[in-house]
Structure formats: structure tokens, C-alpha cells
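Please read the following briefing alongside the sequence and the coordinates. It moves from the overall make-up to single residues.

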Amino acid sequence: SIGPEVPALLAAPESDEWEQYSIELCGGTHIPSTSDFGSFALVEESAVAKGVRRVVGVAGELAAEAEAAGAALQSRLAELTASAAGEAAAGEV
């Protein structure tokens with residue numbers, strides 16, 4: 001490991017000391033090949049501190065569920081957009 005040890009990071013996660021390091025932690029399972037994942041989907045991206053982003057991904061069945069939920073959301077958005085456009089054309093808005 002280069003830089004601080006993980007126990008030190010966990011003991012004081014908000015410490016300004018960590019700003020001098022580029023820290024990446026592996027939060028997943030180690031696998032022989034990425035093809036063992038099956039599907040993979042990013043489900044969240046957020047800011048955790050200035051200049052620091054967190055991404056969350058899922059694999060396998062959870063990825064398939066996330067993709068299905070995304071497709072359903074896109075479909076519903078298309079329905080609502082079409083409905084609003086139709087109402088606007090009819091002067092109902």
C-alpha cells in the first residue's frame with residue numbers, strides 16, 4: 001500500500017491529512033476475469049468532498065434489475081413527454 005493504511009483512514013475519515021493523497025479503495029469482490037461479472041451497471045454517482053466523487057456499481061442479477069428499472073423510467077418519461085406535448089398542441093396546458 002502507498003500512503004496511509006486503511007485503519008488510519010477509517011479511524012479519521014474526515015481528516016484534512018488525506019487531501020495530500022490520491023486514495024482509491026476496492027470495495028468489491030476480486031474475480032479472475034471481468035467476464036465473470038455478467039452485467040454491470042453504475043447506479044449512483046455523488047460528491048463526497050471537494051474534488052472527490054463516489055461511484056457505486058452492481059453486477060450480475062442486481063445489474064439486470066437496475067437496467068430494467070432504468071428502462072421502465074425511460075419509458076414512463078417518454079409517455080409523460082408525449083402526453084405533455086399532446087396537451088400543449090391541443091391548447092390544454
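This is a predicted model: local features need pLDDT of at least 70, side-chain atom pairs count only at pLDDT 80 or more; totals for chains, interfaces and linings use all residues.

Residues are numbered from 1 along each chain as its sequence is written, and side-chain values use heavy atoms, with hydrogens and water left out. The secondary structure of the protein consists of two helices and two strands, which follow one another from the N terminus as α-β-β-α; helices (H or I, at least four residues) and strands (E, at least two) are DSSP runs, numbered from the N terminus.

**Helix 2**
- Helix 2, residues 61-89, contains 29 residues and spans 42 Å from its first C-alpha to its last, close to the 42 Å expected at 1.5 Å a residue, where the expected span is 1.5 Å times one less than the number of residues.
- Just after helix 2, Gly 91 adopts a positive phi of about 75°.

**The hairpin**
- Strand 1 (residues 40-49) pairs with strand 2 (residues 52-59) in the antiparallel sense over eight bridges, pairing being assigned if DSSP finds at least two bridges between two strands.
- Within this pairing, Glu 44 stands opposite Val 56 of strand 2.
- Two residues lie between the strands of the hairpin, where Gly 51 takes a positive phi near 80°.
- Ser 46, a residue of strand 1, is buried at a relative accessible area of 19% (buried means under 20%, exposed over 50%, and partly exposed in between, with a 1.4 Å probe and protein chains only).
- Leaving aside neighbours within four places in sequence, Ser 46 is in contact with Val 52, Arg 53 and Arg 54, contact meaning heavy atoms within 4.5 Å.

**Burial and contacts overall**
- Buried residues account for 8% of the 93 residues in the protein.
- Of the contacts between residues at least 6 apart in sequence, 10% join residues at least 24 apart.

**Surface**
- The accessible surface of the protein is about 7,700 Å², with 56% of it belonging to carbon and sulfur atoms; areas come from the Shrake-Rupley method with a 1.4 Å probe, and for residues only the protein chains shown count as cover.
- Ile 31 sits in the loop between helix 1 (6-11) and strand 1, and Ile 31 is partly exposed at 32% relative accessibility.
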